[in-house]
Amino acid sequence: MNNLLNNGLAAAMLLAAAAGASAPAQAGATIDAIRQRGEVVCGVSTGIGGFSIADSSGQWTGLTTDFCRAVSAAVLGDAAKEKFVPLSPQQRFTALQSGEVDMLTTVATWTLTRDASLGLLYAGVYFYDGQGFLVPKSLDLKGALDLDGASICTATGTTSELNLADYFRANGKKFTPVVFESQNEARAAFFSGRCQAFSADMSYLSSVRASDAPNPDEWVILPEMISKEPLGPVVGRNDLEWYTVAKWTLMALIEAEEKGITQANVDQMKDSQDPTIQRLLGTSGDMGEKLGLDAGWAYRAIKRGGNYGEIFERNVGPKTPLRMERNANALWTQGGQMYALPVR
């Protein structure tokens with residue numbers, strides 16, 4: 001009798017587990033609030049060309065702002081709207097923790113300390129970066145170690161400040177840090193002659209040289225990359241449903257590039273017989289339901305601004321003022337690190 005009861009209980013538990021596994025996901029508190037509000041609120045970096053910058057009419061453009069738009073389209077559909085809140089390095093994490101923004105789409109580096117101690121979650125990497133140095137061409141420097149004894153401008157509250165100390169200490173060199181509250185202040189101080197070099201992420205240095213240097217050809221970025229700076233969207237740890245949507249929107253944009261799905265052909269690709277494309281675009285399977293969204297979530301994200309490669313090329317690629325190559329941000333099939341998790 002005990003065996004029969006135990007077997008019956010085990011069977012009931014298995015059935016319950018199976019039923020739970022197939023049940024649709026709940027949208028979560030953050031998505032519910034977004035839908036009620038009618039817009040996604042994204043914290044963005046202040047004035048970084050190619051990543052997040054507002055034009056004269058207040059329209060935000062850039063790689064990270066385009067990611068916010070993709071998430072908004074996935075969640076809100078054709079009525080997608082976004083609000084961009086510019087935040088300094090000192091403000092950004094507090095703004096997310098306090099609920100002022102739904103997500104950070106900034107150039108905040110993913111580190112162990114930030115991952116483990118801020119109560120936040122990184123939802124992937126949308127740009128693999130590294131720290132470097134911008135210097136006047138007239139100094140005729142061959143590399144970063146030639147900066148021994150130099151004064152170097154950077155921003156406080158960033159990984160750049162810490163990396164500088166590590167790099168010079170590890171190489172037995174000295175430097176004089178000239179630290180400011182924001183990268184914009186550090187940049188202005190550098191161009192006014194307060195320091196001999198400006199150190200920040202390569203992406204930011206490329207933006208500064210392209211848009212802020214008095215004459216871009218008179219300034220050079222030294223060849224060394226002295227750190228790893230993986231940049232990605234950040235959300236609160238208290239809402240795993242929202243984290244999952246942010247993560248899989250990024251995966252969808254990368255998968256779209258892998259499969260040749262573009263902003264221009266996404267409608268035609270709905271007729272594809274490729275099972276992966278069918279699942280991604282919602283013509284088969286229940287991927288949207290598992291996320292607490294509808295079947296068209298990824299289709300809309302791609303339709304809004306294109307696949308990952310299109311977003312990269314439009315904002316920071318070789319044909320833009322930043323002139324950045326894909327390098328680590330190329331697809332894994334092309335020698336880079338962009339690799340989409342399976343949509344299945």
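Me: What does buried mean here, before any residue is named?

Reply: Buried means under 20% relative accessible area, and exposed means over 50%. The model to which this is applied is a predicted one.

Me: Why is Thr-105 called buried?

Reply: The relative accessibility of Thr-105 is 0%. The cut-off is under 20%, so Thr-105 counts as buried.

Me: Where is Thr-105 found, and which residues is Thr-105 in contact with, leaving aside its neighbours within four places in sequence?

Reply: Thr-105 sits in the loop between β5 (103-104) and α5 (112-117). With neighbours within four places in sequence left aside, its contacts are Cys-42, Gly-43, Val-44, Ser-45, Thr-64, Phe-67, Cys-68 and Tyr-126. Contact requires heavy atoms within 4.5 Å.

Me: What makes helix α13 mostly covered?

Reply: Seven of the nine residues of α13 (residues 297-305) are buried. They are Trp-297, Ala-298, Tyr-299, Arg-300, Ala-301, Ile-302 and Gly-305.

Me: Which helices do the buried residues of α13 pack against?

Reply: Those residues pack against α3 (63-76), α9 (240-258), α10 (266-269), α11 (275-281), α12 (287-290) and α14 (308-315). After α13 comes Gly-306, with a positive phi near 95 degrees.

Me: What is the volume of the largest pocket, and which residues are the closest to its centre?

Reply: The volume of the largest pocket is about 360 Å³. Its lining has 22 residues, and Tyr-128, Asp-129, Met-225, Met-324 and Asn-327 are the closest to the centre. At least two lining residues come from each of β7 (127-129), α8 (202-211) and β13 (229-231). By class, the lining of the largest pocket has 10 nonpolar, five polar and seven charged residues.

Me: How do you know that Ala-29 and Trp-242 belong to the lining of the second largest pocket?

Reply: A lining residue has an atom within 4 Å of a pocket point. The residues lining the second largest pocket include Ala-29 and Trp-242, and also Arg-37, Asp-102 and Asp-239. The volume of this pocket is about 190 Å³.

Me: Which helix gives the most to the lining of the second largest pocket, and how does that lining divide by class?

Reply: Helix α2 (residues 29-37) gives the most, with four residues. The lining of the second largest pocket has five nonpolar, four polar and three charged residues.

Me: What does the UniProt annotation say of residues 39-269?

Reply: The unreviewed UniProt entry annotates residues 39-269 as "domain: Solute-binding protein family 3/N-terminal". In the model, this stretch is 35% helix and 23% strand, with its end C-alpha atoms 28 Å apart.

Conventions
Residues are numbered from 1 along each chain as its sequence is written. This is a predicted model: local features need pLDDT of at least 70, side-chain atom pairs count only at pLDDT 80 or more; totals for chains, interfaces and linings use all residues. Side-chain values use heavy atoms; hydrogens and water are left out. On a 1 Å grid over the protein atoms alone, a cavity is a set of points where a 1.4 Å probe fits but cannot get out, and a pocket is an open set with protein on both sides within 12 Å along at least five of seven lines; lining residues have an atom within 4 Å of a point. Grid points are joined across faces, edges and corners, and a volume is the space filled by probe spheres set on the points. Ala, Val, Leu, Ile, Met, Phe, Trp, Tyr, Cys and Pro count as nonpolar, Asp, Glu, Lys and Arg as charged, and the others, Gly among them, as polar. Buried means under 20% relative accessible area, exposed over 50%, partly exposed in between (1.4 Å probe, protein chains only). UniProt positions are given in the numbering used here, feature names are shortened, and annotations may be inferred rather than shown by experiment.
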